[in-house]
Protein chains: 2
Amino acid sequence: MTPQDAYVELVRRFHRMAVLGRASAILGWDRSTFMPAGATEDRAEQLATLGVMGHELLVAPDMGDLLASAEEGADRFEDWPRANLREMRRHWSHARALDAALVERRTRATAACEMVWRQAKADGDFAALLPTFREVLAVTRQVADAKVAALGLAPYDALLDEYEPGSTAARVSALFEPLRSALPGLLQRVLEVQRRAGAPLPLPGPFPVEAQRALGERFMRALGFDFERGRLDVSAHPFTGGTPDDVRITTRYDEADFSRALMGVLHETGHALYELGLPAAWRHQPVGAARGMALHESQSLLIEMQACRSRDFAIYSAPHLATAFGGSGPAWTADNLYRHQTRVAPGFIRIDADELTYPLHVVLRFELERALLSGDLALADLPGAWNDGMRDLLGIVPPTDREGCLQDIHWPDGAFGYFPTYTMGALAAAQLFAAALAAEPGIPTAIAAGDFAPLVGWLRTHVHGRGSSASTDAILERATGAPLGTATFLRHLETRYLAAYE
Amino acid sequence: MTPQDAYVELVRRFHRMAVLGRASAILGWDRSTFMPAGATEDRAEQLATLGVMGHELLVAPDMGDLLASAEEGADRFEDWPRANLREMRRHWSHARALDAALVERRTRATAACEMVWRQAKADGDFAALLPTFREVLAVTRQVADAKVAALGLAPYDALLDEYEPGSTAARVSALFEPLRSALPGLLQRVLEVQRRAGAPLPLPGPFPVEAQRALGERFMRALGFDFERGRLDVSAHPFTGGTPDDVRITTRYDEADFSRALMGVLHETGHALYELGLPAAWRHQPVGAARGMALHESQSLLIEMQACRSRDFAIYSAPHLATAFGGSGPAWTADNLYRHQTRVAPGFIRIDADELTYPLHVVLRFELERALLSGDLALADLPGAWNDGMRDLLGIVPPTDREGCLQDIHWPDGAFGYFPTYTMGALAAAQLFAAALAAEPGIPTAIAAGDFAPLVGWLRTHVHGRGSSASTDAILERATGAPLGTATFLRHLETRYLAAYE
């Protein structure tokens, strides 16, 4: 078989896997939005079957030979096919590292633990979680070990690689160290500044769901979300799902607070724009997929935090907010709304955190999950270590484990190595936004006028359209002149939260 | 391989096919309800891929040997596994009759014709449809011929068998002959009776969509529809989709006429109750599926026509209708509402037809599709033959082909052999309802009180729970004492439309 023939066959198979993945994505979206409760088992089986069939295609006995055959000719391939082949091998390497028994053990362990976790979290009862959590940790170590053997990476790096290809714990530590040392001090200075400035004027509710929904849709359209290729719906936990041709974002509404749903919609729209902007010519191939979780999160945070918590966005959005909710007077000015959107306060809950304290929540989790994985921290000692870390990083201690180490689903779900990508995304967002503004100085003025085309156009070219054709760092380097770093992010925080107040 | 081992392997494979089919059913439902227009191609590919993967499983090279091995021991199997094995062979025989090239030719032909049909129908332009329609007819003949060879059936019977297993054109003709001779005369007598009785009092609208929806849900719940295992939504063409654990029915609302959506919801609820009541122990096996289109339609028509256009249902529903739409006075009495629900009039459009004239629409289509398939009728002569048939059977001639031979999607879609099942369903519905009433004389009184449990309980036992464990006729014979016939249906029409008025 010639390299070209092998590659053509690989493209055919990966295309089919992608289509199965897309079908699963829609079924998964439906599960979180419209599925009746009694269909849970039925749907779980559909998703499991599609997953298994995709996995079977990926680890087919001749796949290794096909990859090797194609790779023999790879140096004569064009850039994109060559990158595609590299991504194919990456997917294959991850998949074949785990045998069926291990995959099943992990599925069983995480399903059981997730179920126990829901109740344990509600009760703030860490002890209740321990037995199933122990099994998840054990199986996660086994997964890591299997990947160590197959990928030649250290255990934590092997897990991280699935979410953020090519990254390592050392790299993450190097990025997080400046945050760990700068943010606690910065937080205290910002709190002092905001205390002196006084609280913004309160915004009187209630805020009807329908008005919130219409407003969210308006801003989505302004950002370039294409409702011919996507939807906005409601789910208990907001997410972006579906496929690059059918992107489905969700939110949840609170009539006492419009900001949560609205900023959530903008966040998910950032994810959605990435999916919608992936290279059309590579729709069903690995190289056409989003690069990794760090860049994905960078797109949601760039839209939510960099673009839409800016003064310029407040100028654009203030009159729309006032009209939608029948507000008037000084509380509904751009300035007051901006102050609302940029309040900082240490809190217990990661998903409620502002952009300044959020990285500290992530640093804590990164340190703890490495210690748990290596065995340096015993699982039974997690609550104490968590509370120590919170005191150390944020100066507060959660009253119960419910607001502490039980708050996130990630670990019970076996997703060790995922947390760092949130903050890597925040760093990348700051870096990309600054580069976009340097390249297109008209972006802020355009945003203030509700025109996001210059910003989104730049992202299309420099991030979305590049798919997985290069590494996260290579994409960032070409787009911003540097690989992922912390300087721009820290400068952004200082500018937004200190300089602007002084 | 022992027969038992072969059977176990078959069960495993058919289970997987069923799961793929269920995934497709949800994706198909989403396509008709919530999918954005731009995802059409994406979704078509997902459905095609799942279809192909299911087909590949069904026609796997060793499937014939597995079936033969299992069948060697079938006389020692219990009834249900033996019936399951018989259904497995039936599915396999249909699937392997067509080679991939023919399946693809059919898919291409019907997709092209369906597209042309939408415009041709809108324009009433039969000539525009002819070229693509010719290809569909040619490929349908080829499909029939392929199945003749594989199944040992006559061409039309081979097509019919896919929708109504075991039935034949001769059987259908024998059932339709009494209808063809009795209904035109009965129609004239009923029209005369209704003319003498005068029109019912008009029901003043408009009828808000939300009130219609709530009313539909109320009646669905009364009928025993389980909203933990199903939904009611909106689509352009009402249907019942989803899976037996997640049944999704749709309707469309017209604020000028509540009856269409409401009776449509009751019709689809009949389909849904069948799916929800299929034998749980055989959920993912062929023997656990609905028996065929005739019995399926019998369940929708039994609920809609037999149960819910009865005087008893009018007694139950009248106060709910009056409350929902703020109606009062003589127009909103059970008697007046019943007269609305039982108006008879010849019309051009099958889907708008009452239960008395509907079979004549089907008789016409049955005769024409047989003549088209055999070549006795040239495709170009279809409009004339259609109009002659309408004059002959219903005494009216459509003004254009839009209201004539272009109205239905079935033929452009290649679904020759489907139409007869509508009327076979109507016959079965009358027969089953009469048997239920004979067995449970309290059913009418219960319906008048909004209690459908006695009726639906009887259907659960005698129809739903039997799945595909026996033939349509065997199921009917055990439930009603006789195979499918016309006498009960004709008696029902005479009782409802003549005796009750005289």
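**The sheet and its setting**

Mentor: In chain B, 3 strands make up an open sheet of mixed pairing, in the order β1-β3-β2. Strands (E, at least two residues) and helices (H or I, at least four) are DSSP runs, numbered from the N terminus, and two strands pair if DSSP finds at least two bridges between them. At the edges of this sheet stand β1 and β2 (240–243) of chain B, each of which pairs on one side only. The twist from one strand to the next averages 20°; axes are lines fitted to C-alpha atoms, for helices over the stretch in contact, and angles run from 0 to 180 degrees between N-to-C directions.

The model is a predicted one, in which local features need pLDDT of at least 70 and side-chain atom pairs count only at pLDDT 80 or more, while totals for chains, interfaces and linings use all residues. Residues are numbered from 1 along each chain as its sequence is written, and chains are lettered from A and ligands numbered from 1 in the order in which they are written.

Within the sheet, β1(B) runs parallel to strand β3 (residues 246–251) of chain B, and 5 bridges join the two. In this pairing, V247(B) of β3(B) is the residue opposite G230(B). Helix α10 (residues 258–276) of chain B lies across β1, β2 and β3 of chain B, at about 165° to β3(B).

Chain A carries an open sheet of 3 strands as well, again mixed and in the order β1-β3-β2. Its edge strands are β1 (230–234) and β2 (240–243) of chain A, and its neighbouring strands are turned by 20° against each other on average, direction ignored. Here β1(A) and strand β3 (residues 246–251) of chain A pair in the parallel sense over 5 bridges, with G230(A) bridged to V247(A) in β3(A).

The strand β1 of chain B also belongs to the contact between the chains. Counting two residues as in contact if their C-beta atoms, placed from the backbone, lie within 7 Å, 29 residues of chain B meet 29 residues of chain A. On the chain B side, α1 (3–33), α2 (40–58) and β1 (230–234) each supply at least two residues, and α1(B) gives the most, with 8 residues. By class, this side has 13 nonpolar, 5 polar and 11 charged residues; Ala, Val, Leu, Ile, Met, Phe, Trp, Tyr, Cys and Pro count as nonpolar, Asp, Glu, Lys and Arg as charged, and the others, Gly among them, as polar.

How the two copies are related can be stated directly. The same surface serves both, as 100% of the contact residues of chain B recur in chain A.
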